[in-house]
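Here's a quick briefing to read alongside the model. Have the structure open and look up each residue as it comes up.

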Amino acid sequence: MVKKLLLLLLLGAFFFIIGCNVDLLGIFSANDLDERLKERNNLKFLDDRLWSSLPHFGSEYSFIVLTDTHIENGNSFGLEALADVITDNNTDLTKTKIEFMVILGDITQDGAEKDINEFIRVADLFTIPCYPVAGNHDVYFDNWSVWKDKIGSTSYRIDGNDITLFILDSANSFFGKDQLDWLEREIKTTGGTPNARVFVFTHSPLFVEGPVGMQQITDTKERARIASILKNRCDIMFMGHSHKYYYNEAGNVKYITIEDYVVAKVYCIVTVKPEGITYNFYKL
């Protein structure tokens with residue numbers, strides 16, 4: 001019995017390590033969530049580009065979501081090709097215009113300054129707002145200070161016409177009471193019109209399947225609380241980290257974990273219209 005338990009633990013650790021390209025030394029150097037939350041809504045990266053709020057883009061629009069780009073040693077793994085996707089889509093009159101993009105964390109491999117700079121360089125090519133989410137790799141090796149100086153917040157709210165985006169910090173696989181209290185207060189101020197939409201973006205998933213289950217938000221009470229907060233108030237919560245696709249639905253909320261970009265080259269285009277929301281996955 002003891003041998004079987006040990007084998008299961010070893011298998012679990014193995015799948016955890018391969019599931020998110022873990023650096024065994026760096027993982028022990030991630031900064032405390034409380035320090036990062038002190039910078040909430042301090043959007044240096046976004047304010048510099050006048051992207052702290054969404055422009056008015058009507059009742060029909062699209063946006064891109066992708067995750068786990070793992071920029072490393074200045075290599076963006078062809079991420080800049082999405083600029084052509086945006087241009088081609090937005091010059092096709094039969095398609096709904098792509099208005100913004102969200103990257104769901106692990107933007108870099110280890111939070112190195114040159115890789116954050118490479119992300120900023122590529123983001124400038126997109127010509128639309130690119131909202132970054134912090135992942136565990138982005139704060140490895142005590143590199144939260146780099147993110148703070150170059151980008152700013154890891155937890156923030158963005159508002160537009162009939163749309164609200166919440167970016168949540170789950171880089172340490174938990175949200176913390178302060179962040180969930182903030183989300184609960186803020187989400188109650190959204191909506192008010194028939195076409196109002198709310199989207200939530202974070203790195204660590206709430207739901208996974210099989211032996212990689214330890215990669216999800218670790219506190220079951222937190223998972224239950226955020227599901228309660230979002231119930232009937234959020235359209236979709238997008239997540240990454242697992243490098244796999246998962247779909248769940250609870251409380252009229254869709255929970256979508258997206259496959260990674262760095263290997264699978266997957267990105268998702270979400271289209272919002274008055275009659276509903278659709279999403280499709282593509283590969284570069």
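Let's start with a pair of side chains: that of H241 makes a polar contact with that of N136, at 3.2 Å. A polar contact is a pair of N or O atoms within 3.5 Å; within protein, one must be able to donate a hydrogen and the other to accept it, and residues adjacent in sequence count only if both atoms are side-chain atoms. Keep in mind that this is a predicted model, where local features need pLDDT of at least 70 and side-chain atom pairs count only at pLDDT 80 or more, while totals for chains, interfaces and linings use all residues. Residues are numbered from 1 along each chain as its sequence is written, and side-chain values use heavy atoms, with hydrogens and water left out.

**Two buried loop residues**

- H241 sits in the loop between β7 and β8 (246-250); helices (H or I, at least four residues) and strands (E, at least two) are DSSP runs, numbered from the N terminus.
- H241 counts as buried, at 3% relative accessibility; buried means under 20% relative accessible area, exposed over 50%, and partly exposed in between (1.4 Å probe, protein chains only).
- W51 is in the loop between α3 (44-47) and β1 (61-66), and W51 is buried too, with a relative accessible area of 14%.
- Leaving aside neighbours within four places in sequence, W51 is in contact (heavy atoms within 4.5 Å) with residues including L46, I128, Y131 and I158.
- W51 and Y131 are 80 residues apart in sequence, yet their C-alpha atoms are 8.8 Å apart in space.

- In helix α8 (residues 220-230), the buried residues are E222, I226, I229 and L230.
- These residues are on the same side of α8 because they cover an arc of only 90 degrees around the axis, taken from the directions from the helix axis to the C-beta atoms.
- T220, K221 and S228, on the other side of α8, are exposed.
- The buried residues of α8 pack against α7 (177-187), β6 (197-201), β7 (236-239) and β9 (253-257).
- At the start of α8, a side-chain oxygen of D219 comes to within 2.8 Å of the backbone nitrogen of K221.
- In α7, the buried residues are Q179, L180, D181, W182, L183 and I187, and their cover includes α2 (33-37), β4 (156-160), β5 (163-167), β6 and α8.

**Asparagines with positive phi**

- N41, in the loop between α2 and α3, has a positive phi near 60 degrees and is partly exposed, with a relative accessible area of 41%.
- N252, in the loop between β8 and β9, has a positive phi near 65 degrees and is exposed, with a relative accessible area of 61%.

**The largest pocket**

- The largest pocket has a volume of about 210 Å³; a pocket is an open set of points on a 1 Å grid over the protein atoms alone, with protein on both sides within 12 Å along at least five of seven lines, and lining residues have an atom within 4 Å of a point.
- Grid points are joined across faces, edges and corners, and the volume is the space filled by probe spheres set on the points.
- Of the 16 lining residues, R197, C234, D235, N252 and I277 lie nearest the centre of the largest pocket.
- β6, β9 and β11 (276-283) are the elements that give two or more residues to this lining.

Terms used:
1 Å grid on protein atoms, 1.4 Å probe; cavity = no way out; pocket = protein on both sides within 12 Å on 5 of 7 lines; lining within 4 Å.
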